[in-house]
Amino acid sequence: MYTLTPPKFDYKRASSVEEACKLLAATDGTKVIAGGQSLLVAMRLRLASPAVLVDIGHISGLGNISEEGMGLNIGATCTHSKLARSKEVMERFPILCEAAARVGDEQVRNRGTIGGSISHADPAGNYAPVLTALNAKIALVSASNRRTIAASNFFEGPYTTVLNGDELVEKVILEKKPSSGTREGHSFMKFSTMPQEFATVNVASIVAIKDGKFEEVTVALGALLPKPRIMAELGESLMGKAASAENIRQASQELHLGSEIISDYKASAQYRTHIAKVLVARSLLTAVNRATGAE
Ligand SMILES: Cc1cc2nc3c(=O)[nH]c(=O)nc-3n(C[C@H](O)[C@H](O)[C@H](O)COP(=O)(O)OP(=O)(O)OC[C@H]3O[C@@H](n4cnc5c(N)ncnc54)[C@H](O)[C@@H]3O)c2cc1C
C-alpha cells in the first residue's frame, strides 16, 4: 500500500561521522538518511520502518571531492548534481560524471547522494557498473572499525551489500594509474523505457588503445543482473585486436550472460539480453571514438 506519510520515527541530526556512528550503534532499528530519495519512498511503501533516522546530510565535509595523488576521494553525501558538474571528476573519471548526470531527474540529482545510491544497491542504479569498471574502493566506518572494500565485492545482490547495520559508507576511493602512452576512452550508457526512469540495462565501458589495437577493455553490465558484472570473456576476446566496429559488433553478439538475467514487468530476460548486446556494442564504439578523438 502506498501512503503519503511514512511511519513514525525519531529523527537525529549528526554533526560528525563519529556522532553518526555512535547513534547507529546505540539503538537497533536505526537507519541513516542522506538525500532521502530512496529511503522515504521505501518508508511510504512500508517496505522500511526504521525506529530512528540519523541524518548525515549536514555533516560538514562529508560530501567533498578531494584529490589523493592522481586519484580522487568522493565523500558519501556528494550529490549526483555536484558529481555531474565536478571539473576534477570530469578530468580524471568522466564516466562517473556521465553516470551521475543520467540519474533520475534534476530534483533527484540535487538531493540524492552517491553514498545513498550504492548503499541502497538498487540493481538498476547507475553507479554500480561504473564503480566496478573503475575498480573503485569503498571506505566503510563504524564506531569500532574501519575497512575498505573493492566495489566488485561491495554489492551482493538486489538491495543487498556487505554493509553491517552499524556501518556507514564514508567515501568512494578512485585511483588512477599513470598513463602508459595509450589513448583512453570511456562510455556509460543507460537504456530505459522513459528518459528519467531507472535503467532496464546499463553499461560502463573503458578502453585503452595503442596503435589502433585494444590494449585494455573493461565492460561492466548492470540492471539486468542481480549485481554488476565485469564481462571478462568479452574483454579477453577483444584484447590485442583492431579497435574496429566489426570486431566490437562480433564480440558483443557473442556476449554470454548466463541464467541470472532479471525478468520483470519492465522487460523479459530475452529482451534485456538483446538490449545488452546492442548497448555494449554502442558503448564500446563510443569509448573507442572518444579514445581516438573521432568523437
Ligand atoms: C524518481 C526517481 C528516479 C530515480 N532514478 C534513478 C536512476 O535513474 N538511476 C539511479 O542510479 N538512481 C535513481 N534514483 C535513486 C537515486 O539515485 C537516489 O538518490 C539514491 O538511490 C539514494 O540516495 P539518497 O542519498 O537519496 O539515499 P537515501 O534515500 O537517504 O538512503 C537510501 C538507503 O541508503 C542508506 N544510506 C544512505 N547513505 C548512506 C551511507 N553513507 N552509508 C550507509 N548507508 C547509507 C539509507 O539508510 C537507506 O537504506 C531515482 C530515485 C527517484 C526518487
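**Strand pairs and helix packing**

Biologist: Which residue of strand 10 stands opposite Leu-72?
Modeller: This is a predicted model, in which local features need pLDDT of at least 70 and side-chain atom pairs count only at pLDDT 80 or more, while totals for chains, interfaces and linings use all residues. Residues are numbered from 1 along each chain as its sequence is written. Strand 5 (residues 71-75) and strand 10 (residues 168-174) pair in the antiparallel sense over four bridges (helices, H or I of at least four residues, and strands, E of at least two, are DSSP runs numbered from the N terminus; two strands pair if DSSP finds at least two bridges between them). Opposite Leu-72 in that pairing is Leu-174.

Biologist: Happy to start there! In the hairpin of strand 4 and strand 5, which residue takes a positive phi?
Modeller: Strand 4 (residues 65-68) runs antiparallel to strand 5, joined by four bridges, and Ser-66 faces Asn-73. The hairpin has two residues between the strands, and the one with a phi near 60° is Gly-69.

Biologist: How many residues of strand 7 are buried?
Modeller: Strand 7 (residues 146-150) is joined antiparallel by five bridges to strand 6 (residues 137-141), with four residues between them in a hairpin. A residue is buried if 20 or more other C-beta atoms, placed from the backbone, lie within 10 Å of its own, exposed if 12 or fewer, and partly exposed in between. Strand 7 lies largely in the open, because of its five residues the number buried is zero.

Biologist: At roughly what angle do the axes of helix 11 and helix 12 cross?
Modeller: Axes are lines fitted to C-alpha atoms, for helices over the stretch in contact, and angles run from 0 to 180 degrees between N-to-C directions. Angles under 35 degrees count as roughly parallel, over 145 as roughly antiparallel, 65 to 115 as roughly perpendicular and the rest as oblique. Helix 11 (residues 245-253) and helix 12 (residues 269-292) come within 9 Å, crossing at roughly 150°. That makes helix 11, relative to helix 12, roughly antiparallel.
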